[in-house]
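Open the model in your viewer and keep the selection tool at hand. The tour goes stop by stop.

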Amino acid sequence: MARYTGPMTKKSRRLGVDLVGGDAAYERRPYPPGQHGRGRIKESEYLLQLREKQKARYTYGVLEKQFHNYYTEASRRPGKTGDNLLQLLECRLDNVVYRAGFARTRRHARQLVSHGHFRVNGKKVDIPSYQVSAHDVIDVREKSLEMTPFIVARETHGERHVPAWMEALPNRMRILVHSVPVRAQIDIPVQEQLIVEYYSKK
């Protein structure tokens, strides 16, 4: 299963946003990382569009080909392509697990899902990119409930804001998906219209 496994803090500094969520090593500075980070970079239209695309891609831990597939699917659906794109990314199972507070980071959530610790509507799902739908019920498997990550998740629940489109029940380690999110409920600092402009030129 292909995924980006490189240093995320460096990517966060390059794009000027904490991509991990609670990255203790991330320190926002007015210049990118590296030897030439303080040099002037011409902020072209293309660079701004590319930066927004990379920001979204690294936030959700998706490789380029898969991200382009999401864009293609989003452009086929009725409504705004940018809103559809973020909705598809937000409805990934690994992101839902992270948003519910059952994992420290999206990377951690991806690992927990791929190791088969979750059931969706009673069926085991180990595909992080699985698309969650409205009214889905996601449970931690009984055999996994007493594993350290889930004990920690129960003890620390409430430290992270759970979005209104879902409900987390930490005592039962269950997630109820009430609806798919609308743009106003997706709190990532990305200008999706720039992503649409980036791909529309290709």
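Stop 1: Select Phe 150. This residue has 0% relative accessibility, so Phe 150 counts as buried. Keep in mind that you are looking at a predicted model.

Stop 2: Pick Arg 119, and you will find Lys 124 of E2 opposite. Then show the whole sheet. It is open, has five strands and uses antiparallel pairing. Read across, the order is E2-E1-E3-E5-E4. Which strands stand at the edges? They are E2 (123-124) and E4 (166-169). Each has a single partner strand, so one side of each is left without a neighbour in the sheet.

**Stop 3: the whole chain.** Zoom out. The chain holds eight helices and five strands. From the N terminus on, the elements run α-α-α-α-α-α-β-β-β-α-β-β-α. How much of the chain is buried? Buried residues make up 45% of its 202 residues. Among contacts with a separation of 6 or more, 56% come from residues 24 or more positions apart.

**Stop 4: two crossing helices.** Select H3 (residues 64-76) and H8 (residues 192-200). Two packed helices are described by the angle between their axes and the distance between the axes. Here the axes come within 11 Å and cross at roughly 100 degrees. That makes H3 roughly perpendicular to H8. Show side chains where the helices touch. On the H3 side, pick Glu 64, Phe 67, His 68 and Tyr 71. On the H8 side, pick Ile 195, Val 196, Tyr 199 and Ser 200. The residues of this contact divide into five nonpolar, two polar and one charged.

**Stop 5: the buried residues of H8.** Keep H8 on screen. Its buried residues are Glu 192, Leu 194, Ile 195, Val 196, Tyr 198 and Tyr 199. What do the buried residues of H8 pack against? Show helix H2 (45-60), H3 and helix H4 (81-90): these are the helices they pack against.

**Stop 6: the ring cluster.** Select the rings of Tyr 46, Phe 67, Tyr 71, Tyr 198 and Tyr 199. Ring pairs link them into a cluster. In total, the count comes to five aromatic pairs. One of them joins Tyr 46 and Tyr 198. This pair is tilted, at 5.7 Å centre to centre with 35 degrees between the planes. Tyr 46 lies in H2 and Tyr 198 in H8, so the pair ties together parts that are 152 residues apart in sequence.

Is each residue buried or partly exposed? Tyr 46 is partly exposed, with a relative accessible area of 46%. Tyr 198 counts as buried, because its relative accessibility is 6% and the cut-off for buried is under 20%.

Key
Residues are numbered from 1 along each chain as its sequence is written. This is a predicted model: local features need pLDDT of at least 70, side-chain atom pairs count only at pLDDT 80 or more; totals for chains, interfaces and linings use all residues. Side-chain values use heavy atoms; hydrogens and water are left out. Two strands pair if DSSP finds at least two bridges between them. Helices (H or I, at least four residues) and strands (E, at least two) are DSSP runs, numbered from the N terminus. Axes are lines fitted to C-alpha atoms, for helices over the stretch in contact, and angles run from 0 to 180 degrees between N-to-C directions. Angles under 35 degrees count as roughly parallel, over 145 as roughly antiparallel, 65 to 115 as roughly perpendicular and the rest as oblique. Contact means heavy atoms within 4.5 Å. Ala, Val, Leu, Ile, Met, Phe, Trp, Tyr, Cys and Pro count as nonpolar, Asp, Glu, Lys and Arg as charged, and the others, Gly among them, as polar. Buried means under 20% relative accessible area, exposed over 50%, partly exposed in between (1.4 Å probe, protein chains only). Rings of Phe, Tyr and Trp (its six-membered ring) pair if their centres lie within 6.5 Å; planes under 30 degrees apart count as stacked, over 60 as edge-to-face and the rest as tilted.
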